[in-house]
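Open the model in your viewer and keep the selection panel at hand. The tour has two stops.

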Amino acid sequence: MPGVVLVGAQWGDEGKGKATDLLGSRVDYVVKFNGGNNAGHTVVIGDEKYALHLLPSGILSPGVVPVIGNGVVVDLEVLFQELDAISSRGVDTSRLLVSGSAHIIAPYHRTVDKVTERFLGKRRIGTTGRGIGPAYADKINRVGIRVWDLFDEKILRAKVEGALDQKNHLLVKVYNRRAITVDETVDELLLYADRLRPMVTDTSVELNKALDAGRTVLFEAGQATMLDVDHGTYPFVTSSSATAGGAVTGSGIGPTRVDSVIGVIKAYTTRVGEGPFPTELFDASGEFLRKTGGEYGVTTGRPRRCGWYDAVIARYATRINGLTDIVLTKLDILTGLEKVPVCVAYDVDGVRYDEMPTDQTAFHHAVPIYEEFDGWWEDISRARTFEDLPVNAQRYVQALEEMSGTRISAIGVGPSRDAIIPVHDLIHGR
């Protein structure tokens, strides 16, 4: 032990890669347990910046075993593009393990994703178009392709035939697209089989043995709490379980193996894609956060929607995930503001909500109730202890901690690897 789960506590892009990197020297395994290449982690090491999409960010930490768990959907082309890209920069990728039970994103998944999103028009979800949702849909419909299937061409061909039998009717008759052949799909997938084979194993066995041996295993979520398919702002969500419970099902470990759950949250809020966003700003303040914070998607390049910190969502994330700690990132972006508003509750048709309304209509009509805090002007990028922060920045952090319902154990004050203030130990032993 211990087993540590790391999740995003907002709509993603909170800085989970930085938090993982912070723990890297004390972690033996880093496991990606959900999602695919529809999200990105940016990790800065010295003068080098790495943008990862499918790979666990622990692959950048020497000695750490990075693992792609069974809950992930894998685009093989993207996997090897990423491996080649970081290998060319001197990163050792030989330790990577891939679950044989993880599902494969086939070419037809990407096609269906793109044409479906266009067809929805104003009702679109705002997907990345990378085939994530259709791959998960096939998994649930029991017509998915798993990594193991690549090593038996007969099984692979039968599964592709079964999946395309339905999808070609959809593509041709509804979307007026050409049919996709079984041969072209099988041939493309088999291109990667030999290179992939040495990485594939039963990662559930590997991880449980590691925990039994006293190794520290970090389970790293893709996306975030508010995009979880069960607990997010449905239907504007991802297609997998991005909350702490997903670490268990997405990696094959039991819930009793988890010792702590770390939520990563920005000192303000951002969102990419469609869906309600109560604190979203459409004025100069929103543009300030976007430009100063560099708020553009790692995977898509899309400008992120920006808003003030939402304590209602923070409390919700704490409850849903059972957070033991929070890593607060990008506090430095708020430097220079005279006042810093925080959403402390919602007003929905004259009714105050201190907790997250799960009714879609109520959340869509939620109007933030703000409390303002005095800002600070001092450069905090070199602060390395809580006491180094300006008094107003300290008060802001203390207020967020009280409102969010769990302790803030680390504070990000800049983009560099060491620009972080440790407050409490993030790894809890038993």
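Helices (H or I, at least four residues) and strands (E, at least two) are DSSP runs, numbered from the N terminus. This is a predicted model, in which local features need pLDDT of at least 70 and side-chain atom pairs count only at pLDDT 80 or more, while totals for chains, interfaces and linings use all residues. Residues are numbered from 1 along each chain as its sequence is written, and side-chain values use heavy atoms, with hydrogens and water left out.

Select Asp13 in the loop between strand 1 (3-8) and helix 1 (16-23). An unreviewed UniProt entry lists Asp13, together with His41 and Lys139, under "active site"; UniProt annotations may be inferred rather than shown by experiment, and the positions are in the numbering used here, with feature names shortened. Now show its contacts (heavy atoms within 4.5 Å): leaving aside residues up to four places away in sequence, Asp13 touches Lys266, Thr270, Val272 and Arg304.

Next, select helix 10 (residues 284-293), where Gly286, Leu289, Arg290 and Gly293 are buried. These residues cover an arc of only 95° around the axis, so they lie on the same side of helix 10; the arc is that of the directions from the helix axis to the C-beta atoms. Ala284 and Lys291, on the other side of helix 10, are exposed.

Finish just after helix 10, at Gly294, which takes a positive phi of about 60°.

How values were computed: Buried means under 20% relative accessible area, exposed over 50%, partly exposed in between (1.4 Å probe, protein chains only).
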